[in-house]
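Colleague: Please show me the structure, and then let me ask what the terms rest on.

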Amino acid sequence: MREVDFRDLVETVREGLLVLDSDLTIRFANRSFCDTFGVVPEDAVGRKLYELGNGQWDIPELRTALKAIISGGKSIEAFEVDRFFPSIDRRVMVLNARKVYRSGNKIQQILLAIEDVTERVRLEREHAIAHERIGILLQELTHRVMNSLQIIASMVMIEARSHKSGEGKAALERVSHRINALGQLYSKLSKADTVEAVDAATYLDELCRDLIASVHKEGGTSLVLKTDIESELLPTDRAIPIGLIVNELVTNAVKYAFPGDTKGTVMVTLKRMPGELHLTVADNGQGVDLRRADSGLGGRLVEGFAQQLGGQLKRESDSQGTTVRLILPSRERP
C-alpha cells in the first residue's frame, strides 16, 4: 500500500472527495466531485469551500460542523444537503467528514466525502407517494365493501321479517348474522386505517355483543355475555374465519342452550398460550346433543374454517352447559 499513489485511489472512487485545510480551503478535489458539480479543478483548489459556485456550499451548519472536527469534535456522519446548482439542477447529497493528519508534520486537514443520492431520494419519494395512493384506494375499497355488506345484511333481514316463523325465517336470520360478522370486520379495518390486521379484543367483543343483542328473544329473556379477549393483532386472512367461527358458536349457544325464556350466560375468551391461541365459547345452559348442534351448515362452516386455520376443535357438553374450544397455531409476536 505504501507504493500506491493516494491520487490513484481517490480518483477511482465514485463519491466526490475533497481535502480541506483547517480554514476550509480546498487542497484537493477528485474527478468525481468536479464532474458531478461541473467544477474545473483549477477553479476549486485554493478557494474556500463556501466560496464555490454561487454560494451553494455556504451552509452555516456544515461550516460549524467542519470547524468542530478540527477542534477535536466528532466526525460528520450522513449529513444531508439539499441544494440547487445552476448547471446541474437540484441535488441531494449525503456528506461524511473526518480529520486526517499528514505524516511528518502537525498539519490537520479534513477529508470530506460527498455522495450524490438525488436519484435514490427521488425513487424513495415516488415509492412513498405510490404507497400512500394504494393505501387510500384500499381504504376506499374497504369502506365500499363494508357498506355493501351492510346493505345486503339489511335486505336479508327484511326478507326474514316477512316470514312469521319456520326454518326459512331462521335460516335468513343466520345468513344476516354471518354477513354482519364480515361487515363488522371491514368496519374495524376502516376505522383503524388499515386493511392488513385488526385487534381481536375490539373486533370480537363488539361482534359478540351485537350478536347477543340481535338474538335476544322477546318477552324479557335475558342472556348475559361475558368476554375475556386478549388484545391480539389478527391478520385479515385469519380475522375473517375466526369472526365467522365465533358467530356460529355464539348463535348455536343461544339457539340450543337456552330454550324458552331461560336465562343464562355466554362466555367468549381468547388467550395466548406458548405457540398457540385458545378461543373458547362456553355457556351454562342445559347442554346439547353435539351431533345435532354440529350437523347443520353452521357446524360444517366451523369445521371448515378451523381446518383452514390449521386449528383443532374440542367440544364438551353436559347438564352444566357446553364448551367449544378452538386451538390455533399462533404467529409469534415480533
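**Terms and values**

Modeller: Of the 334 residues of the chain, 40% count as buried, where buried means under 20% relative accessible area, exposed over 50% and partly exposed in between, with a 1.4 Å probe and protein chains only. This is a predicted model, in which local features need pLDDT of at least 70, side-chain atom pairs count only at pLDDT 80 or more, and totals for chains, interfaces and linings use all residues. Residues are numbered from 1 along each chain as its sequence is written, and side-chain values use heavy atoms, with hydrogens and water left out.

Colleague: Why is isoleucine 212 called buried?

Modeller: The relative accessible area of isoleucine 212 is 4%. The limit for buried is under 20%, so isoleucine 212 is buried.

Colleague: Where does isoleucine 212 sit, and in which helix?

Modeller: Isoleucine 212 belongs to helix H7, residues 200–215. Helices (H or I, at least four residues) and strands (E, at least two) are DSSP runs, numbered from the N terminus. The chain has 10 helices and 12 strands.

Colleague: Which residues does isoleucine 212 touch, leaving out those up to four places away in sequence?

Modeller: They are Leu223, Leu225, Val250, Val254 and Val266. Contact means heavy atoms within 4.5 Å. Separately, isoleucine 212 and valine 224 are 12 residues apart in sequence, and their C-alpha atoms lie 8.2 Å apart.

Colleague: How many bridges join strand S1 to S2, and what makes two strands a pair?

Modeller: Two strands pair if DSSP finds at least two bridges between them. Three bridges join S1 (residues 16–21) to S2, so the two strands pair. They run antiparallel. Leucine 20 has isoleucine 26 of S2 as its bridge partner, while leucine 18 has alanine 29 of S2. In the hairpin of S1 and S2, four residues lie between the strands, and leucine 24 takes a positive phi near 70 degrees.

Colleague: In what order do the five strands of the open sheet come, and which strands are at the edge?

Modeller: The order is S2-S1-S5-S4-S3, with antiparallel pairing. Strand S2 (26–29) and strand S3 (76–85) are the edge strands, as each pairs on one side only.

Colleague: What share of contacts between residues at least 6 apart in sequence joins residues at least 24 apart?

Modeller: In this chain that share is 58%.
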